[in-house]
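Let's walk through a few features together, in question and answer form.

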Amino acid sequence: MPVLTTKRRILTFSGLGLAGAALVGMATIPSAMAEERPIDPADAPGIMDRPWPEYPNDTDQHPNIYAGTVILGAEYNSDGIPYWQDDPTDTYSEDLASAVEYYQLEEGLGEHGEMKEEFWGHLDSLQFDTSVETPDWGPRVGPDFYTNGDSGAGVEALQYLLFTQGYFDKEDDVDGQYGGDTTAAVKEFQRDHVCEEVEDEAAAQQCDDGLVGTVTWRALVATG
């Protein structure tokens, strides 16, 4: 569901009596307590149908690779060691291919050492599918989207993609902390790359919500 924006209304209760006032108050509770939600995938099928990128098939250097290594550095293998132990990098290498292949082996994703559909789809599920155990680098337990106050490798990865696509002025803004600057950058990105793809008219009017769920994440990865 799209985010429901509600405005506080000033009501005059004269003539209604206490019972009438109580009924009016009860009627306004659901909208006032509407849950904050990101764009629903069903409202943006064009984005959800975009193919995931493949590395190193078409290139060996890309910001998406950097984002992938940020997350691999926060994912631990069965020995308790990060899959990627070096600094994040946007360049594919034999070492990175080996790390990706090991990750694929342990996660049952096929063993080819490339960041492609299974890899990106798996990361998407880890972050935004509440039926999957949420990793400590992803959204806080409960919500299936990133929002103000979140932190960790998942936030750092999406911030880096925002930075390389021109939505942050400085790389120093890539700090893994989802605050006001990140929310503003996400809203701008959504207005440029997401809103026009949202088919439901009411949802399109509210699509720049500043929340990163599966739709905005996929747009970030598939647009860059």
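Q: Which cysteines does a disulfide join here?
A: In general, a disulfide is a covalent bond between the sulfur atoms of two cysteines. In this predicted model, Cys195 is joined to Cys207, with S to S at 1.7 Å; the cut-off for the sulfur pair is within 2.5 Å. The structure holds 1 disulfide. The pair links distant parts of the chain, 12 residues apart: Cys195 sits in the loop between α7 (180–193) and α8 (201–205), and Cys207 in the loop between α8 and α9 (214–223). Helices here are DSSP runs of H or I, at least four residues, numbered from the N terminus.

Q: Are Cys195 and Cys207 buried or exposed?
A: Both Cys195 and Cys207 are buried (under 20% relative accessible area, with a 1.4 Å probe and protein chains only).

Q: How do the axes of α4 and α5 cross?
A: Axes are lines fitted to C-alpha atoms over the stretch in contact, and angles run from 0 to 180 degrees between N-to-C directions. Those of α4 (residues 94–107) and α5 (residues 117–128) come within 12 Å and cross at roughly 60°.

Q: Which residues make the contact?
A: Counting heavy atoms within 4.5 Å, α4 brings Val100, Tyr103 and Glu107, while α5 brings Phe119, His122, Leu123 and Leu126.

Q: Where is the cis peptide bond?
A: Look at Tyr55 and Pro56, which a cis peptide bond joins, with omega about 10°. Pro56 lies in the loop between α2 (45–48) and α3 (63–72).

Q: What should I keep in mind about the numbers?
A: Residues count from 1 along each chain as its sequence is written, and side-chain values use heavy atoms, leaving out hydrogens and water. Local features need pLDDT of at least 70 and side-chain atom pairs count only at pLDDT 80 or more, while totals for chains, interfaces and linings use all residues.

Notes:
Helices (H or I, at least four residues) and strands (E, at least two) are DSSP runs, numbered from the N terminus. Buried means under 20% relative accessible area, exposed over 50%, partly exposed in between (1.4 Å probe, protein chains only).
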